[in-house]
Amino acid sequence: MKRFHGNFTQQEPIAEDAIAAAVEVLRAGRIHRYNVAPGETSIVSLLEAEYAAYQNAHFCLACASGGYAMSISLRAAGLEQGAPVLTNAFTLAPVPGAITAAGGQPVLVEITEDLVIDIEDLLRKIDETGARILLLSNMRGHLADMESLQILLEENKVTLIEDCAHTMGATWNGIKSGNFGIAGCFSTQTYKHMNSGEGGLITSHDPAFMARAVMLSGSYMHYERHGAAPDKSYFEAVRLETPNMSGRMDNLRAAILRPQIRSLDNNIARWNERYGVIEHRLRAIPQVALPERPSAERYVGSSIQFRLPGISEPDALRFVRANLDFGVELKWFGSDTPIAFTSNHHSWQYIPRQTLAKTDEVLSSLFDMRIPLTFTVGDCEHIADIVSHCVDEIMTERV
Ligand SMILES: *Cc1c(COP(=O)(O)O)cnc(C)c1O
């Protein structure tokens, strides 16, 4: 087996049109979003209007990061200090972090083998805690049955905020992820579907929510200088009672992002072609279990997850190492100690300890791999061969 030499964290370069737009912002010197020349619309406002159109949402607010987008969405949705906030236990550290930043208490909900929220446990925890908000993390791009979830949350008077860091561009029955609750929160951090280094986007159909979010983001009294904001009457109601928690986006990042909206759908097709190649190969391996991808879901295959049910902890570590020896970087979610971006609920010690037997069981055999667009389809075939070889090696020795 030949070693693979690709880099799993190497994204594509920023396109020349985006670089040119960024240089233009630097030349103008007007980098702050509210620093506009007479008659000018700021680049951030243009980005907001364009992303709202892409998302089919009424309103959009650009801000500093995905984590920031979630924490001000929680506040704008009316989270009270100390109140419980439901979220699925399989997610990444910025999610419990955002709940904590907003003054909420994370209540972790079990996941299923298909890596989506467990509805039974969700209902139980709504009952037990009286939580009024669910921050649903569409972790690694896996969408729950969004229509059933929507109905169930409405019945229980629970407000939904979606963490769409991994579902930018994904749809459920043709509806864009992020449009199922009061808000969708997106990240434009380097490892997500658009890359501005850091950045966040919030979309919503709710004018009162969005007016509060804009005020929270630190709009001073410039709320009329927004690309996709509600009518100013909504601001008059909240402008003096909403704290400024500065976390704006600047024109430089917005300039880099605008052309990327136009390439998003093409990039999704490229991701899914690569995902398809790896998935097809993994499906042929009897020891490998892949999460089900419902036909209602149009996913974005920017990463792939699979399980080796029954694998022991030492074998899981050996499996990761065996792949790495061939240059393939897998993450294992079962580890009790956080590694780089990968952590699980055991390492979030600032929140009360919670028992999540089902999630722990799923995570103990779960492996995860990024699929950057710098990989060719041929690279993906090579990677799948290596993973398959390592499954053979580790899982056959066990028997
Ligand atoms: C990246 C990410 C976020 C947001 O991250 P930022 O780094 O704050 O932009 C939120 N949720 C998940 C699941 C993520 O992976």
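**Ligand site and an aromatic pair**

View 1. A polar backbone atom of Gly67 lies 2.7 Å from an oxygen atom of the ligand, a polar contact being a pair of N or O atoms within 3.5 Å. The model is predicted: local features need pLDDT of at least 70 and side-chain atom pairs pLDDT 80 or more, while totals for chains, interfaces and linings use all residues. Residues are numbered from 1 along each chain as its sequence is written, and side-chain values use heavy atoms, without hydrogens and water. A nitrogen atom of the ligand is 2.7 Å from a polar side-chain atom of Asp163. The side chain of Gln189 places an N or O atom 2.8 Å from a ligand oxygen atom.

**View 2. Shell around the ligand.** The ligand is surrounded by 16 residues, each with a heavy atom within 4 Å of it. Gly67, Asp163, His166, Ser187 and Lys192 are the closest. Helices (DSSP runs of H or I, at least four residues) H3 (66–76) and H4 (94–101) each supply at least two shell residues; H3 gives the most, with three.

**View 3. An edge-to-face aromatic pair.** Rings of Phe, Tyr and Trp (its six-membered ring) pair if their centres lie within 6.5 Å; planes under 30 degrees apart count as stacked, over 60 as edge-to-face and the rest as tilted. The count is 11 aromatic pairs. In one of them, Phe90 and Phe333 are edge-to-face, with 5.0 Å between centres and 90° between planes. Phe90 lies in the loop between strand S2 (84–88) and H4, and Phe333 in the loop between strand S12 (331–332) and helix H11 (357–363), so the pair ties together parts 243 residues apart in sequence; strands are DSSP runs of E, at least two residues.

How values were computed. A polar contact is a pair of N or O atoms within 3.5 Å; within protein, one must be able to donate a hydrogen and the other to accept it, and residues adjacent in sequence count only if both atoms are side-chain atoms.
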